[in-house]
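Dear colleague,

Please find below the structure that I am handing over to you.

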Amino acid sequence: MRTQVAIIGGGPSGLLLSQLLHTRGIDSVVLERQTKAYVLQRIRAGVLEQGLLDLMTEAGVGERVYREGFAHDGTLLSYGDEMFRIDFTEHTDKPVMVYGQTEVTRDLYKAREATDGRLVFQVSDVEIVGADTDSPEVQYTVDGARQTLACDYVAGCDGFHGVSRKTIPETLRKDYEKVYPFGWLGVLSRTPPVHHELIYANSERGFALCSMRNEALSRYYIQCRLDDRPEDWSDQAFWDELRRRIPGEQAARLVTGPSIEKSIAPLRSFVTEPMRWGRLFLCGDAAHIVPPTGAKGLNTAASDVHYLYTGLRQIYEESDAEGLDRYSERALARVWKTERFSWWFSTLMHRFPDQTEFEYKIQLAEIEFLRTNKAAQAAMAQNYVGLPY
Ligand code: FAS
Ligand code: PHB
C-alpha cells in the first residue's frame, strides 16, 4: 500500500491532521492500535482554544462544537473559602469552548469515514523504517498479516507511549521531564455542574477542579496520591473530599450522583527535541506532555497539527520545504510556552508533599496577587485562552 502521509495514531492529532490534509487533496492513511470504540471511550480534555476550533472549522468539523459546546469567557480560582474570577474578555479577544475531547474525536472519525478516509484499526508491531531516507515506510501487522505502507512522510501522532518518538535515535534526541508527586482522580457524573464556569481550587487538603461537559454532565478532579487507585475511592469518599476542597458556598450547591467514569491520571511535564527526524514528524503527546491543569494538552497538539499541516501543504502545493524544515523550531517555540504555563498553574494550585509552610504562604500570596493585579490576570488569561500560533 502507498500514501503521501502515513499517520500513526488515530487520536485527535492524527485524525485532525488526516482530515485537514484531505481538504487539500493530500492522501493519508491513519494507523491506530486500538479499536475506534476504545479510542472513543477515553475521557480526557474538556477545554478547547480558539485555534483548535478554527482548525476544526477548516477541517469541516466545526458545526457541532459551535452548536453543542459552551463558550466560557472566564474561569474561577478559589483558595480556602475565597473565590475570584479571571475575565478572559477583559484581557483577550476570545473565549474558550467547553467540549469534550471525546466529542472532537467523534466528529473527526465521522468526517474521515464520510470522506472515505483510510483508517486501519487494531494494528500492532508498528515499525517506522527509513525515516531518515527519501523513501520511508511504516510496517505493521493487522489481522495477522504483516503490511508495508510506503509513503512520502510519517506523522507520529501516537501519543506518549507510541513508537514514533522512540524511532528517533537517542543520540539525536533530548528529553526534558518533570514528574509531579501527585495525580488527578477524575470523576464523570450525570449531575448538573456546581457552577456554570470552571472552578480551580487550591485548598490546604490539595487541588480540586470543578468542570463539566454540558448542563447535565459534570467532570470533577481532586489531587490524589501517586499510590492511590480509583478503586480506593468510593463515590461518597470522592464527593466528601471534593466538598472539603472548594468554598463552602459551592460545596453546599454541589449535586452529587454515581460516577459513570473514575480514573487517575499521573501528572508530568515532558518535551522531546527535536520533533523531526528526516521524514518523521512528531505531533501532540508523542512529543510533549503537560499536567492537565492549564488545559493545554489537546490544544498544544492542535498547534503542532497546524504547523505540520502548513508545512505539508507548502511542500505538496508549492514544492517549498521551508515549513517542514522549520516545523520543529516553530512547534517547540509554542510547546515550551504552554509547558511553562501548565507548570506555573500546577505549581500555584497544588499542595506538594514536601511543601514547607513558607512555600504555602508564598503560594497564597501569589494567588492574592493574581486576584488584585490586572497585569497578572491578563497574563493568565492570555495563556489560558491560547497564545497565538
Ligand atoms: P493521544 O494519546 O490522544 O492519541 C494517540 C493515539 O495513538 C491513541 O489513540 C493510541 O491508541 C494510538 N497509538 C499509540 N501507540 C500506537 C502505535 N504504536 N501504533 C498505532 N497507534 C498507536 N489534556 C487536556 O488539555 N486536558 C485534560 O484534562 C487532559 N486529561 C488527560 C487525561 C489523561 C488520562 C491523558 C492520558 C491525557 C489527558 N490530556 C488532557 C491530554 C490529552 O488530551 C492529550 O493532549 C491528547 O489526547 C493529545 O492527543 P494525541 O496527540 O492525538 O495523543
Ligand atoms: C476537563 O474538563 O476535563 C478539564 C478542564 C480544564 C482543565 C483540565 C481538565 O484544566
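In the residue classes used here, Ala, Val, Leu, Ile, Met, Phe, Trp, Tyr, Cys and Pro count as nonpolar, Asp, Glu, Lys and Arg as charged, and the others, Gly among them, as polar. On that basis, the shell around ligand 1 divides into 14 nonpolar, nine polar and seven charged residues.

The model is a predicted one, in which local features need pLDDT of at least 70 and side-chain atom pairs count only at pLDDT 80 or more, while totals for chains, interfaces and linings use all residues. Residues are numbered from 1 along each chain as its sequence is written, chains are lettered from A and ligands numbered from 1 in the order in which they are written, and side-chain values use heavy atoms, with hydrogens and water left out.

The chain as a whole

The chain holds 14 helices and 20 strands; these are DSSP runs (helices H or I, at least four residues; strands E, at least two), numbered from the N terminus. Its radius of gyration is 21 Å, close to the 21 Å that the globule rule gives for 389 residues, so the chain is as compact as a globular protein of that length. That radius is taken over C-alpha atoms, and the rule is 2.2 Å times the number of residues to the power 0.38. The C-alpha trace spans about 60 × 40 × 40 Å along its principal axes. Of the 389 residues, 56% count as buried, where buried means under 20% relative accessible area, exposed over 50%, and partly exposed in between (1.4 Å probe, protein chains only).

Ligand 1

Ligand 1 is surrounded by 30 residues, of which S13, E32, R42, R44 and Q101 are the closest; a residue is near a molecule if one of its heavy atoms lies within 4 Å of it. Polar contacts are pairs of N or O atoms within 3.5 Å; within protein, one must be able to donate a hydrogen and the other to accept it, and residues adjacent in sequence count only if both atoms are side-chain atoms. An oxygen atom of ligand 1 lies 2.7 Å from a polar side-chain atom of S13. The side chain of R44 has an N or O atom 2.8 Å from an oxygen atom of the ligand, and L298 places a backbone N or O atom 3.1 Å from an oxygen atom of ligand 1. Taken alone, ligand 1 exposes 1000 Å², and the protein buries 87% of that; accessible areas come from the Shrake-Rupley method with a 1.4 Å probe, and for residues only the protein chains shown count as cover. The elements giving two or more residues to this shell are α1 (12–23) and α10 (297–318).

Ligand 2

Around ligand 2 there are 14 residues, the closest being Y200, S211, R213, Y221 and T293. By class, they comprise eight nonpolar, three polar and three charged residues. A polar side-chain atom of R213 is 2.7 Å from an oxygen atom of ligand 2, and an N or O atom in the side chain of Y200 is 2.8 Å from an oxygen atom of the ligand. In T293 a polar backbone atom lies 2.9 Å from an oxygen atom of ligand 2. The protein covers 98% of the 280 Å² of accessible area that ligand 2 has on its own.

Strands β15 (206–214) and β16 (217–224) each supply at least two residues of this shell, and β15 gives the most, with three. Domain 1 (5–72 + 96–177 + 268–345) and domain 2 (179–267 + 351–385) both contribute residues to the shell, so ligand 2 lies between them. The domain bounds come from an automatic or database domain assignment.

Backbone geometry

Most residues other than glycine have a negative phi, and most peptide bonds are trans. The peptide bond from E273 to P274 is cis, with omega near -5°, and P274 is found in the loop between β17 (259–273) and β18 (276–277). D116, in the loop between α6 (101–114) and β8 (118–120), has a positive phi near 55° and is exposed at 67% relative accessibility. A295 also has a positive phi, near 55°; this residue lies in the loop between β20 (288–289) and α10 and is buried, with a relative accessible area of 16%.

A further side-chain contact

R64 sits in helix α4 (residues 63–68) and counts as buried at 18% relative accessibility. The side chains of R64 and Y99 are joined by a polar contact of 3.1 Å.

With kind regards
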